[in-house]
Structures are given as C-alpha cells and as structure tokens.
Amino acid sequence: MIVLSSDNIRIAKELDMVLFRNRLKEYAVKIGMGLVNQTKLITAASELSRNMLRYAGEGTALIEIVNGQRQNGVRVTFSDKGPGISNIEQAMKDGFSTGKSLGLGLPGAKRLVSEFDIKSTVGKGTTITITKWKNG
Amino acid sequence: MKLDTAKILQKRKKQILELWMKNQLVDFSLREDLMSNEELTVQSEELVDVLLQALSDVNLDDIHSIALTPVHEALEGISISRAKQGYSPRETGTFVFSLKDALLSILQQEIKNDPVQLLEESLKISKLIDSLGIVTFETFIKGREEVILRQTDEIAEISTPVIRVWDGVVAMPIIGTLDSARTQVVMESLLQEIVDTSSNIAILDISGVPAVDSLVAQHLIKTVSATRLMGAECIISGIRPEIAQTIVHLGIDLSGIITKATLASALRHAYSLLQLEVRKSAVK
Ligand SMILES: Nc1ncnc2c1ncn2[C@@H]1O[C@H](COP(=O)(O)OP(=O)(O)OP(=O)(O)O)[C@@H](O)[C@H]1O
Ligand SMILES: [Mg+2]
C-alpha cells in the first residue's frame with residue numbers, strides 16, 4: 001500500500017477534535033469519497049478520538065491517503081499512551097462501557113469503516129487503525 | 001579535519017543573538033504594537049538557546065532527529081501565540097528566517113579560510129532553518145484555525161434561537177457540532193421557551209449538525225427526555241440520509257423518539273398532534 005499524503009494531529013482537548021474532523025473531511029473530499037462514506041468515516045473517527053481523550057487523556061491521530069489495490073482510501077491511526085484495554089474482546093462488544101456510557105464507540109466504529117485493527121497493551125497504550133475505501 | 005559547527009556556533013551564541021535581534025529590529029514589519037522589544041528579545045534568546053543545545057546533540061544532517069523536538073516545541077509555542085496575537089504569516093516567517101542570516105554570517109566569519117567546508121555547513125544550516133520554517137507555518141495556521149473555531153463556536157452560541165412556528169409549537173435549528181456545553185445551552189433555552197409560550201410541541205432541527213456520533217445522540221436523547229418531563233412532545237427533524245445510515249451502523253437506538261427527515265414533515269406531524277388541518281382554500 002502506498003501512502004500518498006499524511007497529517008499527524010495531536011488530540012488533547014475538545015477543540016482539537018473539531019480541528020481533526022475538519023481536516024479528515026478535507027482528506028475524504030480530496031479523494032472524492034461520497035457523502036455517506038465521508039459521514040461514516042468522520043463519525044467513526046469521532047468515536048475513537050473521543051475515547052482517546054476520555055480514557056487516555058490525549059493522543060495523536062495520523063491521517064493518510066492510501067492507495068489500495070483498486071481504489072484510494074483514507075486511513076487514520078489513533079495512538080495513545082493511556083491505560084490500555086485489558087480485554088479487547090469485551091471492549092468490542094455492543095454495550096460494554098467502563099465509563100457509564102452507551103458502549104457503542106468501538107463496535108460502532110468497526111461497523112462504519114472498511115478495515116479496523118486494534119492493538120492494546122495494559123499500561124502502555126492503545127493503537128487503533130481504521131481505513132475507509134473511497135467506495136468501501 | 002572534521003569541523004564542529006555546533007561548537008563554533010555555541011561559542012558565538014551572544015553574537016548570533018545580537019545579529020539576529022538586529023536583523024529583526026531593522027525589519028520594517030516589526031510589530032511593536034503587539035510585542036515589546038524586551039519580550040521579543042526574551043523569545044529570541046529562548047529559541048537560540050534550545051536550538052544551539054539541540055545542535056550539540058544532533059547530527060546536523062538529520063533534520064528529523066528527535067533531538068530537535070525541544071526546538072520544534074519552542075517554535076510551536078511561539079508561532080501559536082503569534083497567530084493568536086494577530087501577527088501576519090510574513091512577520092512570523094521573518095522571525096525564523098532572519099535567524100538563518102545571523103547563523104550564516106557567523107559561520108562565514110569562522111570558516112572563512114575553507115570555502116568548501118563553508119558551503120557544506122551553510123547548506124546544512126540552511127536546510128535546518130527551512131525545516132523549522134515549515135514547522136512554524138504549520139503551527140501558525142493551526143493557531144489561526146483555533147481562533148476561527150472559537151469564533152464559530154461563539155457565533156453558534158449566540159445564534160441558537162428558538163422560533164415560535166405556530167401557537168404551541170416551538171422549533172430550534174441547531175447548526176454546528178453539539179458538544180456537552182452546547183447541549184446545555186440548547187436545552188435551557190428550549191425548555192425556557194416551552195414554559196414562556198406554553199407550548200406543548202418542540203421541534204429540534206439537526207439539518208445543520210455535520211455528524212451524529214454516540215455522544216451527540218446521547219445529548220439529543222437527553223434533550224427529548226427533558227422536554228417530555230415538561231409535558232411537551234419533542235420531534236427531531238432534519239435527519240439527512242447519510243446521518244440516518246450512520247446512526248444505524250453505529251447501533252444507536254432512536255426508536256423511542258419521533259424523527260422526521262425535514263422540518264416541514266415535523267411541522268405536519270405537529271399539526272396532526274394538535275388536530276389541525278392545513279388545506280388549500282376553496283376556489284370561489
Ligand atoms: N483509547 C482507550 N484507552 C483505554 N481504554 C479504552 C480506550 N478506548 C476504549 N476503551 C475502553 O473500552 C470501553 C468501550 O469503549 P466504547 O467506545 O465502545 O464505549 P464507551 O466509550 O464506554 O461508550 P460510548 O463510546 O458509547 O460513549 C470503554 O468503556 C473503555 O473502558
Ligand atoms: Mg467511546
């Protein structure tokens with residue numbers, strides 16, 4: 001996969017999320033992604049960046065335009081150095097939340113994108129990578 | 001013989017700073033209205049300090065070295081504060097690039113006997129400062145974006161009007177993102193208006209909300225519950241097709257809430273709840 005362009009954004013407060021979402025939209029528009037996929041991507045990214053803020057305090061989001069086999073896509077990598085997730089399988093279940101919330105962020109984000117990858121080490125942090133293909 | 005540029009520059013730190021200050025002060029664009037000369041000196045000194053410190057730890061060839069992180073941080077701090085104070089990009093750019101002149105003239109004095117070395121070291125310094133220039137612009141623009149966002153926020157705050165669309169029906173169009181603070185404002189003014197106008201139907205129009213994630217959805221659900229506690233019904237309108245699909249995939253359950261695609265259909269629903277009928281008048 002070839003990376004065509006990228007942007008690394010630090011997310012440490014609510015305002016950064018707005019900035020990040022705007023930037024992500026620019027990338028999606030740049031590769032000609034349709035409105036529905038754009039909205040799905042931005043919503044998934046919104047969930048994951050809020051998780052970083054809420055559970056890890058802060059983190060970074062790397063936005064990249066990637067060149068897949070048949071089409072371009074936008075890939076976002078969320079990395080934080082927070083507490084990590086001890087039971088990923090449980091965290092990925094609908095309705096599981098340690099924050100008295102809906103528990104839809106992780107599983108919902110996974111349903112909204114084309115590819116979803118999560119790696120987490122307790123005490124070290126969490127890295128989640130999502131990719132949305134232009135027509136995916 | 002290997003030359004140690006970092007050491008040479010370290011030794012001439014005082015002159016570098018003086019020269020740089022001189023370069024900055026002669027620049028016609030210097031903004032004494034925004035920052036006093038003393039402040040500028042402090043800022044410049046700070047940057048020269050971290051830069052020279054970093055140079056002694058880092059190979060000059062490697063402009064991506066992490067040893068440069070403190071320099072980037074100092075620069076980011078400076079350019080963000082400049083963006084917010086209203087400096088122009090030119091002024092901020094000049095700040096960094098005039099340092100190049102100072103560093104290069106000192107190098108020229110120190111390595112004047114070896115033109116090949118001088119050229120090589122000058123190119124490295126040049127490349128380094130250019131990369132710092134890029135960092136400066138990136139953060140400068142980010143600073144500006146933050147200013148714009150804050151203003152957008154403020155505008156949104158004052159422009160969340162509640163409209164009486166009919167006797168007993170109030171509507172509230174929401175434009176922009178719906179964060180926790182904003183929800184509070186929306187909820188308070190909506191509930192107050194329901195009391196003031198003794199309305200029993202409220203329409204919350206989200207046509208202007210760019211995305212509905214789980215937090216926004218929770219805010220909407222809370223607003224609807226609060227409205228119901230006041231004895232009024234709440235309709236959410238302006239659910240665009242892309243938003244509807246996203247909500248379904250996300251897994252949010254809005255089935256307990258009356259939702260409509262457009263404000264018009266919400267209004268029609270309100271009329272039917274009030275047992276009103278809108279008809280074309282009969283032709284005479
Ligand atoms: N970046 C992270 N670092 C540490 N823990 C996390 C992180 N992201 C998620 N978690 C854990 O995974 C759980 C599930 O996350 P998810 O986003 O699905 O739900 P939630 O944030 O609790 O609720 P919602 O997102 O619906 O408001 C969280 O409650 C939290 O314990
Ligand atoms: Mg979440």
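This is a predicted model: local features need pLDDT of at least 70, side-chain atom pairs count only at pLDDT 80 or more; totals for chains, interfaces and linings use all residues.
Student: Let's start with chain A. What makes β1 and β4 of chain A the edge strands of their sheet?

Tutor: The open sheet has five strands in the order β1-β2-β3-β5-β4, with antiparallel pairing. β1 (2-11) and β4 (115-121) of chain A each pair on one side only, and that is what makes them edges. From one strand to the next, the twist averages 15 degrees.

Student: How do you know that β1(A) and β2(A) count as paired?

Tutor: Two strands pair if there are at least two bridges between them. β1(A) and β2 (residues 59-67) of chain A have nine bridges, in the antiparallel sense, so by that cut-off they are paired. For one spot to look at, find A:D7, which stands opposite A:I63 in β2(A).

Student: And what joins β5(A) to its neighbours β3(A) and β4(A)?

Tutor: Eight bridges join β3(A) to β5(A), and seven join β4(A) to β5(A). Both pairs run antiparallel.

Student: Why is β5(A) called mostly covered?

Tutor: Buried means under 20% relative accessible area. Eight of the nine residues of β5 (residues 125-133) in chain A are buried, and hence the strand is described as mostly covered.

Student: What sits between β4(A) and β5(A)?

Tutor: Three residues, and the two strands form a hairpin around them. In the turn, A:G123 has a positive phi of about 85 degrees.

Student: Which helix lies across β1, β2 and β3 of chain A?

Tutor: That's α1 (residues 14-30) of chain A, running at about 165 degrees to β1(A). The β3 it lies across covers residues 72-80.

Student: Now chain B. What makes the pairing in its five-stranded open sheet "mixed"?

Tutor: Strands of a sheet can pair either parallel or antiparallel. The chain B sheet, in the order β1-β2-β3-β4-β5, is listed with mixed pairing. Its edge strands are β1 (163-166) and β5 (258-260) of chain B, each pairing on one side only. Neighbouring strands here are turned by 30 degrees against each other on average, direction ignored.

Student: How many bridges hold β1(B) and β2(B) together?

Tutor: Three, in the antiparallel sense, with β2 of chain B covering residues 169-175. Among the residues involved, B:W166 has B:V169 in β2(B) as its bridge partner.

Student: How do you know that the length of α7(B) fits a helix?

Tutor: Take 1.5 Å a residue: the 17 residues of α7(B) should span 24 Å, and the end C-alpha atoms are 24 Å apart, so the two agree. This helix (residues 180-196) lies across β1, β2 and β3 (201-208) of chain B, at about 165 degrees to β2(B).

Student: What makes you say that the buried residues of α7(B) line one face?

Tutor: The buried ones are B:R182, B:T183, B:V186, B:M187, B:L190, B:L191 and B:I194. Seen down the axis of α7(B), they fall within an arc of 150 degrees, so they line one face of the helix. The face turned away from that side carries the exposed residues B:A181, B:E188 and B:D196. Just after the helix, B:S198 takes a positive phi of about 40 degrees.

Student: What about the length of α4(B)?

Tutor: α4 (residues 69-85) of chain B has 17 residues and reaches 24 Å from its first C-alpha to its last, close to the 24 Å expected. Its buried residues include B:V71, B:L75 and B:I78. Just after α4(B) comes B:G86, with a positive phi of about 95 degrees.

Student: Why is B:T92 called buried?

Tutor: The cut-off is under 20% relative accessible area, and B:T92 has 1%, so it's buried. It lies in α5 (residues 89-110) of chain B. Leaving aside neighbours within four places in sequence, B:T92 is in contact with B:S79, B:R82, B:Y87, B:T136 and B:F140.

Student: Last one: what makes the pairing of side chains between B:S265 and B:T262 a polar contact?

Tutor: The cut-off for a pair of N or O atoms is within 3.5 Å, and these side chains come to 2.9 Å. B:S265 itself is found in α10 (residues 263-273) of chain B.

Technical notes: Residues are numbered from 1 along each chain as its sequence is written. Chains are lettered from A and ligands numbered from 1 in the order in which they are written. Side-chain values use heavy atoms; hydrogens and water are left out. Helices (H or I, at least four residues) and strands (E, at least two) are DSSP runs, numbered from the N terminus. Axes are lines fitted to C-alpha atoms, for helices over the stretch in contact, and angles run from 0 to 180 degrees between N-to-C directions. Contact means heavy atoms within 4.5 Å. The expected span of a helix is 1.5 Å times one less than its number of residues. Buried means under 20% relative accessible area, exposed over 50%, partly exposed in between (1.4 Å probe, protein chains only). The arc is that of the directions from the helix axis to the C-beta atoms. A polar contact is a pair of N or O atoms within 3.5 Å; within protein, one must be able to donate a hydrogen and the other to accept it, and residues adjacent in sequence count only if both atoms are side-chain atoms.
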